[in-house]
Amino acid sequence: MSPIQDPTLLEGITVLDLSRNLPGPATSLILQQMGAKVIKMEPPHGDDAKSMPMLYAALNSSKQIVTADFRTPEGIQALKDHADKADVLIDGFRPGVMADMGCDYDTLKALNPKLVMCCITGYGQKGTLAEKAGHDINYMALSGVLDGLQTADGDIPVPAVQFGDLFGGTSAAVQGILAALLKAQRTGQGTFVDVSMTHNLWKQNIMPESMEQMWIMLSGKPARHQDDLLSGGLACYNVYKTADQRHLAVGSLEHKFWKVACEAMGKPEWVNIHWSRGAMPGTPPAIQMLADMKALIASQPLAHWEQVFGNADACITPVLTRAEIKQRNLLHI
C-alpha cells in the first residue's frame, strides 16, 4: 500500500470491519494508515485469509481483532454494540446476509444516524448477478478488463495483481467512504455505500470505449485488438522483448518523447514516423516502424537499453521484477 504522508487525516474515526480476505481488509488498512482506529470483527474460526498467513499479517497485523459468532444472539448484539460507536462499518457479505442477521443499514442507522456502511460485493446489491459467487478473475472477466489483456496471439494471461479486488473493490470503497464521511460531518447523516467490484471495473474501460468510438468514427468499424493507439498498434507505445529475454516498456506516446527516444537510439530518421505525423496504427509506415523497433530492441540485452535511455526523458523503462524494485529501492519501500 502507498504510504500516507499525513497519518492523522482520520484521527478520531473508528472503523468496524466485518470483511474477510482482501478487498475489505485492504480498505480498512488504508483508512488505518490515514489515522482511523480499525476494529476487525471475525468469526470464531477467524478470517479465511489466515490460510495465507503472510497476506493476513500484511492486511491485519495492526488492527484490533475481536471475535463474534453471528449465528448467536450474543454475536449479533456485539456487532450492534460496536456499530453504535463506529463511524464506518465495512462488510463483504453477499446481498441480504446483513438483513438476515437483523443488521441491515436501516436498523444500524437507527442506532447510529451518522454511520457510514460500505458493502463490498462482486456484483452489487441488485441485479441478475447479485447472488452469484465470484472471485477477482470473474469480476475481471465480466467487466471487459480481462479481455482487454488479450495478447496478439489471442491468449489471455492470469494477472498476478488482483485488479477486481483492489481497483474495483478497495479503491472504490475508500473513495466512497471518504465522501460519505464528509457528508456525515456536514449533515449529521450517514450513507450506505454500495461497492460492486465488477461495475467499478467496467468504469475503468473509459479509454478502450473512447478508442473504439474514435476508430468507428474514422473507419466505420472498431479496431482489432492490439491495433489501436494504446493496445499495441504503435511502435512508440509498446512492450518489447530484449536479447536476454527481458522486456522494455516504451511509453513515448507524445511526439516530443518519441523524438528523444529516436535520438537516443541513433535513429533520427524515425522521428516523424509517429501517429501524430500520420503514421496511424494499421498503416504501412506504422506496421513497418513496429517491426523495425522490435528488431532493434531484440538486438541488445536489457542492461544496454537501460544505459541508452537512463538519462533520456523519453518515458522508457525496464520491466522490473518485484525483487529488483526492492533491491534498487526505487519506491523507497
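1. A residue is called buried under 20% relative accessible area, exposed over 50%, and partly exposed in between. The points below apply this scale to two residues of what is a predicted model.

2. N329 falls between those limits: its relative accessibility is 37%, so the residue counts as partly exposed. Its place in the chain is the segment after α13 (322–328).

3. Q245 belongs to the loop that joins β7 (237–241) and β8 (247–251). With a relative accessibility of 53%, Q245 is above the 50% limit and therefore counts as exposed.

4. Turning to the sheet, six strands form an open arrangement in the order β3-β2-β1-β4-β5-β6, and their pairing is parallel. The edge positions are taken by β3 (64–67) and β6 (192–196); each has a single partner strand, so one side of each is left without a neighbour in the sheet. From one strand to the next, the twist averages 20°.

5. Strand β5 (residues 116–121) runs parallel to β6, and the two are paired over 5 bridges. Within this pairing, C119 has D194 of β6 as its bridge partner. In general, the strands of a sheet pair through backbone hydrogen bonds, in either a parallel or an antiparallel sense.

Notes:
Residues numbered from 1 in each chain as written. Predicted model: local features only at pLDDT ≥ 70, side-chain atom pairs only at ≥ 80, totals over all residues. Heavy atoms only, no water. Helix = DSSP H or I, 4+ residues; strand = E, 2+ residues; numbered from the N terminus. Buried < 20%, exposed > 50% of the residue type's maximum accessible area, 1.4 Å probe, protein only. Pairing = 2+ DSSP bridges. Axes fitted to C-alpha atoms, helices over the stretch in contact; angles between N-to-C directions.
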